[in-house]
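Me: I would like to learn how to read sheets, helices and cavities from coordinates. Can we go through one model together?

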Amino acid sequence: MAGRTRRYKVIFSPQKFYACEMVLEEEGIYGDVSCDEWAFSLLPLDVDLLSMELPEFFRDYFLEGNQRWINTVAQALHLLSNLYGPFANCYGIGRCAKMVYETWRELEEEEEGEIKGRKPEIGHIFLLDRDVDFVTALCSQVVYEGLVDDTFRIKCGSVDFGPDVTSSDKSLKVLLNAQDKVFNEIRNEHFSNVFGFLSQKARNLQAQYDRRRGMDIKQMKNFVSQELKGLKQEHQLLSLHIGACESIMKKKTKQDFQELIKTEHALLEGFNIRESTSYIEEHIDRQVSPIESLRLMCLLSITENGLVPKDYRSLKTQYLQSYGPEHLLTFSNLRRTGLLTEQVPGDTLTAVENKVSKLVTDKAAGKLTDAFSSLAKRSNFRGISKKLGLIPRGDSEYDLKVPRDMAYVFSGAYVPLSCRIIEQVLERRGWLGLEEVVRLLNGNEFAVTDMIPEENAPSDSLRLVLVVFLGGCTFSEISALRFLGRERGYRFIFLTTAVTNSARLMEAMSEVKT
Amino acid sequence: MNRTKVDEEEYWHSSKFKAFTFDDDDDELSQLKESKRAVNSLRDIVDDDDDDLERVSWSGEPVGSISWSIKETASSGGPTLEGREPLKTRNSLSSYPPLPKPVSSYSLSSFFKGRSRIGSLQSLSDALSDVPPKNYAPELRRPKGEYKDYSSDWSLSDTVRRLQKGKVCSLERFRSLQEKLQLLEEAVSVHDGNVITAVLIFLKRTLSKEILFRELEVRQVALRHLIHFLKETGDQKMLLDLFRYLDRTEELALSQYQEHLSIQDPEKRKEFLKSCIGLPFSVEDAAHVQDHYTLLERQIIIEVNDRHLESAGQTEIFRKHPRKASILNMPLVTTLFYSCFYHYTEPEGTFSSPINLKKTFKIPDKQYVLTALAARAKLRAWQDVDALFTTKNWLGYTRKRAPIGFHRVVEILHKNNAPVQVLQEYIRLVEDVDTKLNLATKFKCHDVVIETYRDLKDRQQLLAYRCKVDKASAEEEKIDSILSSTQIRWKN
């Protein structure tokens, strides 16, 4: 191979960063390699789900404070508005949401000619930072699609089912979206409904097969050419999903899922905190799972506004003893992101402000509160939960078969905060009346309404809502909003930087490869 | 019927209902057609003066040659999964019929043309039909075309705009400190991390460290980007200098500590950890790092010793249960388990004894008992388990106590297939009656169930339970004798 000149091309997707060019230059190969950019950033995973497949977004922005992806998201929004007309109303909450919005508006203004006079197809767009609602992302999922993700890991809309699910000796990679008719009917259902539904369907299917017994030749011919193939298809999908359910149930029984959910609900509702803390302590002692133990600790911390210093110290020590001393670094990351903190009694908001005000004079960085948002942020979950009614009243038995609100995605125990915020803002067409909640959420809300006067917007478009999750969104949130859509006559489209769940969040924060 | 089996299979399995699966050896695997087409269209974009160069694929075959094109068409692209088998053998072996292999109907090209209706609304395409659909699909940009239009006169804000668009832009002419800082502030105001980093790269190159640090100290957003940049490019030296300058002592210490992860050799890692002990950690973290060092130090000693014992072949425990992995770099609890497994009876003086570990690392009783129990139960050493819980009080009576709750003890014993007699003994010690009954029933410890119902004076339950035990068994007899006893005042 010697004596040959080679040409190399590097294609950066979705974006080329200057830091990369710098590395090429420093290594002395800048001119030898030609660079290109391929701005492929939106992957439609389903009829209502667009993913940017940027899982690194969460760590880059929320841990390191790096704003490199803001432009990428703004470009994606720009593309969408070019394709589907301008958006009539924009809402958002979160520092990153604000920056994305501003960047996107700049892009729109530069290229105004493109969309002038076009009618909007999407009535509302809502931008949310992941850290506005960490709690939901940390909860165990119990809707079918969420459970499949938690148990098997759905990647890019498809999942690997192993031999224990396929009941054969090989694995199967299956695409999970609305085209899988069986999946589409069960994906948003609470798990307790799924098995019964699938069994019923299997029985129906069997009944349909059995119809052929009483048929004459003509009917049989018809049956075979029209229906039988479809039935066989459905049968195979059915057995796959039944296999998945069985696998899930086996795993959950082994993990003592019941006990785990009980503890989570206690944390969400805010009672039996000492018992929950003991449960977590035991979980760590038994070395059950480093990711799960961490997740529970974070849930405790966020719902309780930080751990009591004694608990923080002792749980941290036990964690390091059970899972490895290197996790000292993981704890540092979690603290910086605000996922696992210690209650610091003396430090009120104003005290911290005074300490740092000497250092910070940056006008470009915005207000003082923005400059050290990670330091000053408090969780306030209980206050928010009360104001927004996130914990449904426990008077009557919650019917999971006929859910009455979005709390069904967590077995009736908790309405996802992110979804509730979206519900309220859409209802009020803004933040009016939510001032107290906004304050507890650390501000950074915005609403720009009637950019297109509503007479000009076709009524259909006003029902369409594009929700943009910056930092990831979970299948539980998607299911909850689909439910809300059905209830209120909205149609939700989801754009997320990546699909996520509690395990992925914890892994992103872990400094140690588990 | 003259049709062959294969024909029939094919007939049945073609269907208008399309569900999507990826099959291992599926030649028609759906893939991102757009991406493949884009990559293949590379040829069109590559510079003109490339014509005389021979293009070679990664495997070494010249592009366009016969062997290359055979490989291209033969590969099914997409994710390669393990174990490809030829189609016909798989069909005959597996009872799992292959699902049809259609293409996902979510075509990317239609998405990017904007004609697919989002949300399946009534189309407005009538109003827009005279506008030719613009193709928004991402294309590979021509490398030379867009980048050669620069002059040297762009203003500050124009420069930043150009940087946002990824265009080539020389920053060299911003020589005064004031201009540089204005440039930085402009970059921060457009929120783009890539641009901020680009400006920082320039500032890092053209400003002294002290001035750069001084200016960034009061610019939090830019500072965060510099820190991340230094981390990503591995410029550890400057990063530590920066932390020192900012007096961020904890981050300084943690950043240095982090380096240990890249040291593989245990001795070297141990030495490095020793050097970390004096770093400005918080008080608790300093203790953790000290423990980390001590732990690794112990593990090295234990590892050397045990490997020696194992190869000598004289020690029974190592013969019966050969070690599956080294103890190096394992967490403390795992090390304790190991020590309780292999070195349980050793006196306190040795490095590998469990008591020594407990004392050195101040392991709480709860954790210790839990771990020792798990280890001894695994070895089915029931007497050791017994001794763990037995204490003598001052009168010399022995009693059983557990810092972890006997229901936990029972579960761990059961997981290790303890015999019923052992299980029963510990179930009896569970205080809560309901838990006791649950466990006893679950693990089929009939005697305990019977005794408990007797103590509760619950005749109905006892009668019900009688049906669950084997006919003419000792348990049945026991139940009968209890039921016929005249001394018990049954409550039902």
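Me: Which strands of chain A does helix α4 lie across?

Reply: This is a predicted model. Helix α4 (residues 95-110) of chain A lies across β5, β6, β9 and β10, and runs at about 135 degrees to β6(A). Another helix of chain A, α22 (residues 475-488), lies across β3, β4, β10 and β11, at about 160 degrees to β11(A).

Me: In what order do the strands of the open sheet in chain A follow one another?

Reply: Strands of a sheet pair through backbone hydrogen bonds, either parallel or antiparallel. Here 7 strands run in the order β3-β4-β11-β10-β6-β5-β9, with mixed pairing. In chain A, β3 (43-46) and β9 (445-448) are at the edges with a single partner strand each, so one side of each has no neighbour in the sheet. On average, neighbouring strands of this sheet are turned by 15 degrees against each other, direction ignored.

Me: In which sense do β5 and β9 of chain A pair, parallel or antiparallel?

Reply: They pair in the antiparallel sense, over 4 bridges. A:Gly92 has A:Phe446 in β9(A) as its bridge partner.

Me: Which helix gives the most to the lining of the largest cavity?

Reply: α16(B) does, with 4 residues. Both α14 (309-323) of chain A and α16 (283-312) of chain B supply at least two lining residues. The lining includes A:Thr317, A:Leu320, B:His288 and B:Asp291. By class, it has 5 nonpolar, 4 polar and 1 charged residues.

How values were computed. Residues are numbered from 1 along each chain as its sequence is written. Chains are lettered from A and ligands numbered from 1 in the order in which they are written. This is a predicted model: local features need pLDDT of at least 70, side-chain atom pairs count only at pLDDT 80 or more; totals for chains, interfaces and linings use all residues. Side-chain values use heavy atoms; hydrogens and water are left out. Two strands pair if DSSP finds at least two bridges between them. Axes are lines fitted to C-alpha atoms, for helices over the stretch in contact, and angles run from 0 to 180 degrees between N-to-C directions. Contact means heavy atoms within 4.5 Å. On a 1 Å grid over the protein atoms alone, a cavity is a set of points where a 1.4 Å probe fits but cannot get out, and a pocket is an open set with protein on both sides within 12 Å along at least five of seven lines; lining residues have an atom within 4 Å of a point. Ala, Val, Leu, Ile, Met, Phe, Trp, Tyr, Cys and Pro count as nonpolar, Asp, Glu, Lys and Arg as charged, and the others, Gly among them, as polar.
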